[in-house]
Amino acid sequence: MTFNTGRRAFLKAGAAGLAAAALYRPARAGTKDSSRFALAAGQGEVIFSEEQENPTRVMYYNQSIPGPLIRVPQGSEIVIPFHNGLDEPTTVHWHGLRIANAMDGVADMTQPPVPPGQDFEYRFTPPDAGTYWYHTHMRSWAQMAYGLAGVLIVDEPNPPPVDQDLVFAIDDWRFDRQMQIDEKSFRSMHDWSHGGRLGNFITVNGETEKVFAVASGERIRLRLVNIANSRIMNLLFGEPRMQVVAIDGQPLEPFAPEDGRIRLAPGQRVDLIIDIAGDPGTRRPIEIVVGEYAYEIAFFEFAREPRRETPLQDPVRLPDNPLNRTRLPDEFKRVPLVMQGGAMGGMRAATWQGREMDIRELVQNGKVWAFNGIVGMPEAPLFSVARGTPISLDVDNDNAWPHAMHVHGHHFVHEGSPGIWRDTALFERGEKASLRFVADNPGKWLIHCHMAEHMAAGMLTWFEVT
Ligand code: C2O
Ligand code: CU
């Protein structure tokens, strides 16, 4: 697969792409109608490039790639009447939100799938402010690859003032020569046993060469969201005055990332505050590093007039969320979680649906990954605990691939990063580390790798809080 990006190959978004992206202009925080937001999944066509002959058939929410930006004020209820206009069942999962289990959107676990033509009302009150996202949780290896994902922002009542609040939703598409979603490779065991489905076309907010109009001296908040199936995004921002202010929605002590680099696994978010400065009328690229190369995927374009001569000096720390007040104890219930399988992983056999199978039989069934020797959803939970139990998920990434471990309904602290609360942790190959949290949200929750193909091929389990 050649990587069909880079400035040359990047094609201008056509009219449809731009129309879709227009939904991404930031809305004012706390708009009056934010308590109700109608969402519909459907099939349709969009144009990603002026040069494509036929539009690309996609699945999308509200006819927009990515889905419409949903904003809700922190601590207030939002009602989302959802309509499934697809010709297959689906659900919507609200990634990273610590909400009631019945609203988590996991097909066949927290709700029955929404059949074609039917509706389901999501209703929840997000306790924490920050940058989140939503996506299908059914056949997500296909439905996400077709486009079913969008960004959800929970607004702080008193955010630090910025001149612009911008979303940067980065996606990775695999197109065939006709610029259609490459369906032939959907069940590629090669992809599923390696790094997942990696694409050949990167978009930011549904556009190639996304341009962010800025003015020198502005303070901007940039909300990065990796909505790709499996690609880990290594982004390069040539910004000297850039601070990470939140990770996976949660505020932290601001810090400047080394060399302006951000590594974002599928599902992860990073909020940046940038005091941007540049020569009027110029463009500054944002790049993605793939292998040995860096490709320009978006730009800051500086207005002819600067906003201010000296950048703002006041601090950029976000107000704490209720989660930040969580104190982790010294003692935990320890739960080992060994991640096994994949190409070059040496897994010989594992249990699937209660039966021990050798690797050949597993592969025939499209299963190549396991947690603790078990492939796919086990009947019994990984653990079942009373509400309030401190958990240490002792993860051992015992295979040749990186994985993005996601825990539903909870945030955790990735051992070695005190004070940083995440819902999705990247484990490098061979990495061992504990994810620590208090299991305080009642219900049945998934734990899985957020690389959609790894999950489909076996990397998921669940736990119960009673
Ligand atoms: Cu964003 Cu179960 O996932
Ligand atoms: Cu994985």
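In this predicted model, N205 sits in the loop that runs between β10 (201-204) and β11 (210-214). Is N205 buried or exposed? Its relative accessibility is 2%, and buried means under 20%, so N205 counts as buried. The side chain of N205 reaches a backbone atom, the oxygen of V167, at 2.8 Å.

W94 belongs to strand β5, which covers residues 92-95. With a relative accessibility of 0%, W94 counts as buried too. Which residues does W94 touch, leaving aside its neighbours within four places in sequence? The contacts are L39, I70, I80, I99, M103, D104, Y122, F124, W133, Y134 and L152. One of these residues, M103, also has its backbone oxygen 3.5 Å from a polar atom of the W94 side chain. R348 is 254 residues from W94 along the chain, and the C-alpha atoms of the two are separated by 36 Å.

| Side chain | Backbone oxygen | Distance |
|---|---|---|
| N205 | V167 | 2.8 Å |
| W94 | M103 | 3.5 Å |

Next comes the metal site. Which residues coordinate the copper ion (ligand 2)? The donors are H403 through ND1, C449 through SG and H454 through ND1, at 2.0 to 2.1 Å. Along the sequence, these donor residues follow the spacing H-x45-C-x4-H. H403 and C449 link distant parts of the chain, being 46 residues apart. H403 lies in strand β27 (residues 403-407), while C449 lies in strand β32 (residues 443-449). Both H403 and C449 are buried.

The last topic is the largest pocket, which holds about 760 Å³ of space. How many residues line the largest pocket? The lining has 30 residues, and those nearest the centre of the pocket are K367, M377, M455, A456 and L460. Elements that give two or more residues to this lining are α3 (140-143), β21 (349-352), β24 (374-375) and α6 (452-456). Of the elements, α6 gives the most, with 3 residues. By residue type, the lining of the largest pocket divides into 16 nonpolar, 9 polar and 5 charged residues.

Key. Residues are numbered from 1 along each chain as its sequence is written. Chains are lettered from A and ligands numbered from 1 in the order in which they are written. This is a predicted model: local features need pLDDT of at least 70, side-chain atom pairs count only at pLDDT 80 or more; totals for chains, interfaces and linings use all residues. Side-chain values use heavy atoms; hydrogens and water are left out. Donors are N, O and S atoms within 2.8 Å of the metal (3.2 Å for Na, K and Ca); water is not among the atoms, so sites may look incomplete. Helices (H or I, at least four residues) and strands (E, at least two) are DSSP runs, numbered from the N terminus. Buried means under 20% relative accessible area, exposed over 50%, partly exposed in between (1.4 Å probe, protein chains only). On a 1 Å grid over the protein atoms alone, a cavity is a set of points where a 1.4 Å probe fits but cannot get out, and a pocket is an open set with protein on both sides within 12 Å along at least five of seven lines; lining residues have an atom within 4 Å of a point. Grid points are joined across faces, edges and corners, and a volume is the space filled by probe spheres set on the points. Ala, Val, Leu, Ile, Met, Phe, Trp, Tyr, Cys and Pro count as nonpolar, Asp, Glu, Lys and Arg as charged, and the others, Gly among them, as polar. A polar contact is a pair of N or O atoms within 3.5 Å; within protein, one must be able to donate a hydrogen and the other to accept it, and residues adjacent in sequence count only if both atoms are side-chain atoms. Contact means heavy atoms within 4.5 Å.
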